[in-house]
Amino acid sequence: VIIGLILGVAGEKLEVEIDERELLVRDALPGNNCGACGFPGCDGLAKAISEGVAPVNACPVGGAKMIEEISRIMGVEAEEKAKTIAYVKCSGVKEKTKIKYNYNGILDCRKVMLMPGGGDKACVSGCLGYGTCVRECSFDAINIINGVAVVDKEKCVSCGLCVKVCPKEIIEIIPYESTAKVSCYSKQKGKDVKSVCEVGCIGCKLCMRVCESNAITVENNLAKVDYEKCIHCMKCIEKCPTKIIKH
């Protein structure tokens, strides 16, 4: 009885007060605990938001309604955030790219990267297609189609986890409304690209020359789109000889 009384008093004295807003924010968060926000799960993010350490739109998967709710709880104005998606910068499907050898090991791109030449694909920058990003995605938004990872833009919540696990670093976050996307990441010269892949960027600069808004540059033999400058004219798509700039 005495020990019970002591524990009861100690529990009241040592009780840690929790900000009511933290509990409300935690209820508003989706509960995926994916860690894409940079904090240890939804509990960690709720605490950070309630303390003002993280912004109200720090969760990349909850959507506009969640941001509005958390903004209301925190008493701040909801910030408008443009929708984004993940995009795999590779078009090297099986019939378009060469293979150096047959790999029959663990189906994990990070493991395959440890093999000679950084994997079995002749293109050193191409998608390996062993599904590490697929398994990392909690939203069933990525599939391996004909040897290349493809993102379903309607399912993607732009959490960025696939970007972090891709050993080739060929997945990036881009605006949802983007109309010109370069689906290649090779920085090799044109003739070297063509020797391993039929659909790689050859750095010809034709896309750059027809772009009316200077939204495309070619650096290190690779075309790159500035999405803030792009006016969606799609002339680069029409002009690209290898058709690696896609809608």
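## Stop one: salt bridges

Begin by selecting Arg 26, which is partly exposed, with a relative accessible area of 24%. Keep in mind, as you look, that this is a predicted model.

Next, select Lys 155 and Asp 140, whose side chains meet in a salt bridge at 3.3 Å, N to O. Here both partners sit in loops: Lys 155 in the one between β3 (148–151) and α7 (161–165), and Asp 140 in the one between α6 (132–136) and β2 (142–145). Lys 155 is partly exposed, at a relative accessible area of 39%, and Asp 140 is also partly exposed, at 48%.

For another such pair, select Glu 212 and Lys 235, where the closest N and O atoms of the salt bridge are 2.2 Å apart. Glu 212 lies in the loop between α9 (206–210) and β6 (216–219), whereas Lys 235 is in helix α10 (residues 235–239), and the two are 23 residues apart. Lys 235 is partly exposed, with a relative accessible area of 34%. The count for the structure comes to 8 salt bridges.

## Stop two: rings

How many aromatic pairs does the structure hold? There is 1 aromatic pair, and you can show it by selecting Tyr 103 and Tyr 130, which are arranged edge-to-face, 5.4 Å centre to centre and with 70° between the planes. Tyr 103 lies in the loop between β1 (84–88) and α5 (109–112) and Tyr 130 in the loop between α5 and α6, so the pair ties together parts that are 27 residues apart in sequence. Tyr 103 counts as buried, at 14% relative accessibility, and Tyr 130 is buried as well, at 15%.

Select Lys 83 with Tyr 176, and you will see Lys 83 over the face of the ring, 4.3 Å from the ring centre; then select Lys 181 with Tyr 87, where the charged end of Lys 181 sits over the ring, 5.7 Å from its centre.

## Stop three: nonpolar cores

Now colour Val 25, Leu 29, Ile 49, Ile 70 and Ile 171, the residues with the most contacts inside the largest nonpolar core, which has 42 residues. Among the elements that give two or more residues to this core are α3, α4 (64–74) and β4 (171–175). If you centre the view on Leu 29 and leave aside neighbours within four places in sequence, its contacts are Cys 42, Leu 45, Ala 46, Cys 59, Met 66 and Ile 70. A second, separate core has 23 residues, including Cys 197, Cys 207, Val 218 and Cys 236.

## Stop four: a serine in a loop

Finally, select Ser 158, in the loop between β3 and α7. Is Ser 158 buried or exposed? At 13% relative accessibility, Ser 158 counts as buried, because the cut-off for buried is under 20%. The side chain of Ser 158 makes a polar contact of 2.6 Å with the side chain of Thr 84, and, not counting residues up to four places away in sequence, Ser 158 also touches Pro 60, Ile 85 and Ile 173.

Definitions and conventions
Residues numbered from 1 in each chain as written. Predicted model: local features only at pLDDT ≥ 70, side-chain atom pairs only at ≥ 80, totals over all residues. Heavy atoms only, no water. Salt bridge = Lys/Arg side-chain N within 4 Å of Asp/Glu carboxyl O. Buried < 20%, exposed > 50% of the residue type's maximum accessible area, 1.4 Å probe, protein only. Helix = DSSP H or I, 4+ residues; strand = E, 2+ residues; numbered from the N terminus. Phe/Tyr/Trp six-rings, centres within 6.5 Å; stacked < 30°, edge-to-face > 60°. Lys NZ or Arg CZ within 6 Å of the ring centre and 35° of its normal. Core = buried A, V, L, I, M, F, W, Y, C linked by side-chain atoms within 4.5 Å. Contact = heavy atoms within 4.5 Å. Polar contact = N/O pair within 3.5 Å; in protein donor to acceptor, adjacent residues only side chain to side chain.
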